[in-house]
Structures are given as structure tokens and as C-alpha cells.
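Trainee: Please take a close look at one part of this model: the side-chain contacts, meaning ring pairs, charges over rings and salt bridges. For the residues involved, I would also like to know where they sit and how exposed they are.

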Amino acid sequence: MKHPATLITKRLQKVPLQTVLVAPFVLQIAIAVGLTGWLSLRNGQNAVNDVASQLRTEVTARIQQHVTTYLETPHLVNRINADAIRLGLLNVENIPGLERYFWQQMQQFKTVSYISLGTEQAEYIGVERLDNGALQIEVSDRATGRNFQTYATDSRGNRTQLVQSKPNYDPRQRDWYKTSVKAGKPIWTEIYTYFSTQKLTITADQPLYDAQGKLIGVTAADLVLSQIGDFLRSLKIGKTGQTFIMERSGLLVATSLPEKPFILSADGKTQERLAATASRNELIRATAQHLQQRFGDLRQIQGSQQLDFQLEGKRQFLQVLPLPDQRGLDWLIVVVVPETDFMEQIEANTQSTILLCLAALIAAIALGILTSRWIAQPILHLSRAAKALSQGEWEQTVPVEREDEVGVLARAFQNMAEQLRASFGVLEQRNEELEVRVQERTADIRAANEQLLVEIAERQRVEDALRVFLHAVSHDLRNPVTGMLMVLGNLLKSESLPIDDSNGSGKAVIPVARSILERMAQSSDRQLYLINSLLEVHASEVGGIVLQTEPLELGHLITDVLTDFEPLLSKNQVSATALIPNHLPAVPADPLQLRRVLENLLANALKHNPPGVSLSVSVEQGDNSLLCRVQDNGAGINPEVCEHLFELYSRGPQTRRSTGLGLGLYLCRQIIVAHGGEMGVTSSPEVGSTFWFTLPLAPVGATTKSP
């Protein structure tokens, strides 16, 4: 069965040249038209997304800045009044003085609708701003018989006439007073409808205390939230975009629409807060419903959120931003813009682009047909001549009747036919030269490969000889040192040693200097330790570290090692602590190898720190491993040295007791890596050092080699 591509190719070979010239041209134009229209729409949508995102972010930021400043004003007024009273500039018992002071404050803070003060002596003074901008004074004290009296004022703040009087007013029994005293700090009240106006109001309260912490009273400042709505309506958010502010409960605070965020009763005397999901505006209502469905509880909205949703099949861009403060206020700023506000002009431009492209496509098809006919005839003549030339008929001529590219092509064909024969000869000569060069290059490469193999073999021979030499020298050194240690050990077990008398009168007993023997034993022991370390490094590099794993209680091993080190710890006046949780799981590990790691870390801590330091060995359980730390509060290590501590032959900070070739920590890390763990150090000079390693809880195999 023939391949489909082969069948298609054969069929295309039968298509006339004119069709071949026109069809791809038309297809190309059609694809270009389609891509142009699609990209135009796509780019328009991307531009809309970017513009909508920037618009939402900018509008939200402006609202946040304005509302934050607006809400800060009443607390600023309260702080000013509290400072004035605390500094003695205001006397809470001087009601006329407070009355004049509050009246002047209302002149300065235009956004505040009410400033008041209630005291523990049941006295009250307040100044209110009416809708027409006039100020009136409200007072209740001993002079009014505890009646709540309201006075109109003139342009200088003087009382003019009594507007109304209510009996038995005690500010201490009011909710705003009790709530503020209970909180003991500046707070916001709940949003409420002020009894003298049909507007939502919120009050900032702050309790006042004297120098002894005794409660003096509560100062308050009110804000009318309709001013926030006025600001929202002044914003331009596309054509039909809306913005609103609501509480986490879903109740409206202010909107960019003229509608009031509450509902009046039939008699017009009571008000009920309006939920955003019950708004008379469809866009605001749908937006609130989408937020409820998406988050379930509006308290789940944390941080600025840019969202979108469908309303009647049309996309809506949405941004919601929390607006909390430290005084109990927690609102949400919501901005929503319909996509249609941006897409109308873009869709019109896209339609125009598509129509123009279709017109260009029709014109291109007609022009392509004419052009193909004009091109095809001369090419057919060239095709026949080329076919004859391919059959060895070198004497071919093509009529040249045009001066355009086709005529140039015909003349070029003539020249090609004349030059082709000569080119064959030149080509054969060059092929012969190329074959010679290839053979020479092949010989060079073969010689280079042979030389490289010789160098590799020589390097391997040197490395093998070095390993044999190191192994032999280490063993030859270890045997005499071991024998020396045995002799010194026997000498140290006795109090004296028999030595021949120089006069030949027999044998005399001369006491042996034990300190000299002990120093010789210590020196020999250090030499044996260095030789063994050298052999272990050699063995780990040649065959890897072989582990004999078994379930191991790491806490028991740490306790045993610390017990073995007790004489050295006492000698160096070092206190050691084991911080091991109960019920640690067993890890698959080689107990002898891990004991070497712990002993090396403890020995290093003793060698590289002065006497009297504190040591701690702790273990923590992670998800898949145990973390062990050996920590001291000694001299510490510079960060530059820490980076190379675990390298071969790297030595840490040298002290009088420091010895070794820098092999211990290298071997420790090799052991931990062979267990499948990691090892490292953190240290600071004069603070101390912490060496740590991890051991996986999962088994790594009965026998494992380090990588």
C-alpha cells in the first residue's frame, strides 16, 4: 500500500501550472485575512483586559486612599481632644469652654458631622452640623437639670434659641459610651441611621483617662457615610461601570448610584440596612451574588482580587479590595466594569478590517489568475528544453521574446546549458581532490585517538601505582606503631622497670617517668589514628563505604557515646546535654559507622574549643528523616572556613590541641552520604558551631556504597 503523502504528491504533479500558481496564492491571502481578523479581535481583547485591569486597580486605589483619609479624620479629632484634656488645655468641667472649642473644631474639620464628649459626671456637650451647613449645640449638665437641650447658633458660635429639650439624658447609659469604655481604646461603632437625618452614620469613640488611669469620659466624632457615596459618584468608571463599598456581612455602606443604602418603613420613621445582593441596580446585585457564590463567606476574601463573571452572557470585570483598620472596621471596596464598555469600538474596527480583507482577497484572486497565465506560457517552453537537456541533448535553444525576469531566466538557461558540460569536468577533478583530503584527515584523527588512548593508559597506571604505594606505606607504618603502643601499654601497667646495673653487680630497679611514657603513648596513638584515617579514606575512594545496616535507636547510641566520653568531658570541664525526644523511630543504619561520626564530632568540639564550653546533642524527627545536631558555644568558625571543612585534607581552625590531616570530617560526610543523608555546619566566630546530619527513615539497603 502506497503512503498517503506519495499519492498526494503524484496527484499534485498532474495539476496544471496555472492552478498551482493561483491556488497557493489564494490560500495564502485567505489565511492572511483570517489571521488578520482573528489577531485584530484577539489583540483588542487583550488590550481590553489590560485597560480594564489598570482601570480597576487605579479606581480601587483612589477609593482606598480617599476613604482611608476620610475615616482617619474623626479619630484625629478624638486624639486632638484627648491630648488637650490630658495636657490641661481643656477642662471637662468647663462646659461653656468645651462648647466654644468644639464649635471651632467643626469649622476646621468640614467632613465631621458631629463632635461630642460625655463624662463620668453624666455631663454631655456636642456640636452637630446640619444638612444646610448650620451648627447647633447640644448639652446636658447640671445647668440644664440633666435635660438634653439643643440650641441654634449664630455665625460666631453663640447660642440663639432653644430648638428642643429632652428630659433625663445620661451619656453613661448610651451604647456608644458603654462600648468605648469596655474596649478601653479607640473604636468604631456599628453603622446606624442618625435620628435627625435619613443618612447612614458611623461614630469614632475614644475613652479618656487621667494620669492615674481613672476614666474621665468618652470623646466621639461622627461621619456621615453619604459623603463617601458622593465621592464614588464623582468617579468615571467606563460607561456603565459601578463601584460600591460593603461590610463583610454584605450590607451596603455606599455606592456610586443615587440609591440610598437603606430602606425606609412605610411611615418613614424607621430604616433597614440594604444588602448588596438586594440592590435595585442589577450590576451591583449580580456582582454581590457572584462574590457570595465564589467565596461563600465574604470574610474569606483576603487581599486584592481581580475576577470576572458573566451577566446575561456578557463578561464583567471585577476587582474587590479589603479595607480594614485597627479599630474594628472591615469593609470591602468593589469595582465592576462591563466588557462591552470597551469592546464596542474594537468590534466595529474588527468588522471593517475583515470586510477590507475580503475585498483584497477577491481582487488578489483575479489578479492571480491573470498573472499565472502570463507566467505559465514561457515556463512551459523552459520545461520542455530542460527535459531534453536532462536526456543529454545539450544543443537546446529557448526563444527569448521578453526583457523581464522570464527573459532573464531564458538567457540564463542558455548559459547554463553551455556551462554545464564544462562544469562536469571541473566537478570530477574536485571530487578526486576531496577524497584525498578526507583520507589524510582520517589518518590524522586515527593518530590522535591512539595518542589519547596511550595518555589515558599512562594516567591509569600512575593512579594504580599511587594507590598501591599509599596502601603499602600506610600498612608498613601502622605495624610498628601498633607494636610501640603495645610496649608502652605494658610499661604503663607497671610501677618500675628492671634495667642492668652498669657495674655488673646485678639488676637494679629504676622508676620509669610515667609522664614521658604517657606522652609517647599519646603521640603513637595520634600517629595510628592518622594512619588509620588515611587507610579509610583510601578504602572509601577505591571501594566505597560498606554499611552493615540494622534497625538502630539513635537516642540510645548518643547516650552510649556520651557515657564513653564522660572522662574526657570531665577532664576538659565540659558539660554535655542530650536532647532526645521520646518514642523516636528506629532508623536503618550501621551502628559502628554512626558511632565513629558522633565520636569524631565530639572529639573535634573538645580539640578546637577551650575548656569549659557547653555541648548539646539533639535529635528532631522530620517527615522522612531524623535530624541530629552537635552544638557548642565555643570559639566558632569563620564562614570562609566552613565552606571547605568537609573537603579532603581540609583542616579547621588550629589550636594547641588540634592535630590531624583533615580526614575526619571528610570520612564523616562519606558515612552519612552512604546512609542516604546529608551533613553540614553552621557557625559564627565567638558564638559557637553546630554540626548536623540527617538519616532517612526509609531503608537504603543492607550494603551500600557512597557515591
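Mentor: I will go through the rings, then the charges, then a few backbone points.

This is a predicted model, in which local features need pLDDT of at least 70 and side-chain atom pairs count only at pLDDT 80 or more, while totals for chains, interfaces and linings use all residues. Residues are numbered from 1 along each chain as its sequence is written, and side-chain values use heavy atoms, with hydrogens and water left out.

Rings first. Rings of Phe, Tyr and Trp (its six-membered ring) are paired here if their centres lie within 6.5 Å; planes under 30 degrees apart are stacked, over 60 edge-to-face, and the rest tilted. With that rule there are 7 aromatic pairs. One of them joins Tyr-101 and Phe-102, with 6.1 Å from centre to centre and 50° between the planes, and is tilted. For accessibility, buried means under 20% relative accessible area, exposed over 50%, and partly exposed in between (1.4 Å probe, protein chains only). Tyr-101 has a relative accessible area of 24%, so it is partly exposed. Phe-102 has 1%, so it is buried.

A second example is Phe-646 with Phe-691, an edge-to-face pair at 6.4 Å between centres and 70° between planes. Phe-646 is in the loop between helix 13 (639–642) and helix 14 (664–674), and Phe-691 is in strand 25 (residues 688–696); they are 45 residues apart, and the pair links distant parts of the chain. Phe-646 and Phe-691 are both buried. Elsewhere, ring pairs connect Tyr-124, Phe-148, Tyr-169, Trp-176 and Tyr-177 in a cluster.

Rings also meet charges. A charge sits over a ring if NZ of Lys or CZ of Arg is within 6 Å of the ring centre and within 35 degrees of the ring normal. Arg-159 places its charged end over the ring of Tyr-151, 4.5 Å from the centre.

Next come the charge pairs. Side chains of opposite charge can pair when their charged atoms come close. Taking a salt bridge as a side-chain nitrogen of Lys or Arg within 4 Å of a carboxyl oxygen of Asp or Glu, the structure has 17. Among them is the bridge between Asp-170 and Arg-172, at 3.1 Å from N to O; Arg-172 is partly exposed at 31% relative accessibility.

Another salt bridge joins Asp-330 to Arg-248, at 3.2 Å from N to O. Asp-330 belongs to strand 16 (residues 330–338) and Arg-248 to the loop between strand 10 (242–247) and strand 11 (252–255), so this contact ties together parts 82 residues apart in sequence.

The bridge between Arg-595 and Glu-599 is local, with 3.7 Å from N to O. Both residues lie in helix 12 (residues 591–607), 4 residues apart, which is about one turn of the helix. Glu-599 is partly exposed at 27% relative accessibility. In a further case, Glu-72, Arg-79, Asp-325 and Arg-327 are joined into one network by salt bridges that share partners.

Now the backbone points. Most residues other than glycine have a negative phi. Arg-146, not a glycine, has a positive phi of about 65°. Arg-146 is in the loop between strand 3 (135–140) and strand 4 (148–153), and is partly exposed at 26% relative accessibility. Asn-168, also not a glycine, has a positive phi of about 55°. Asn-168 is in the loop between strand 5 (159–166) and helix 4 (175–183), and with a relative accessible area of 68% Asn-168 is exposed.

Last, Ala-578 is in strand 20 (residues 575–579) and is partly exposed at 37% relative accessibility. The C-alpha atom of Ala-578 is 7.3 Å from that of Thr-559, and the two residues are 19 residues apart along the chain.

Methods: Helices (H or I, at least four residues) and strands (E, at least two) are DSSP runs, numbered from the N terminus.
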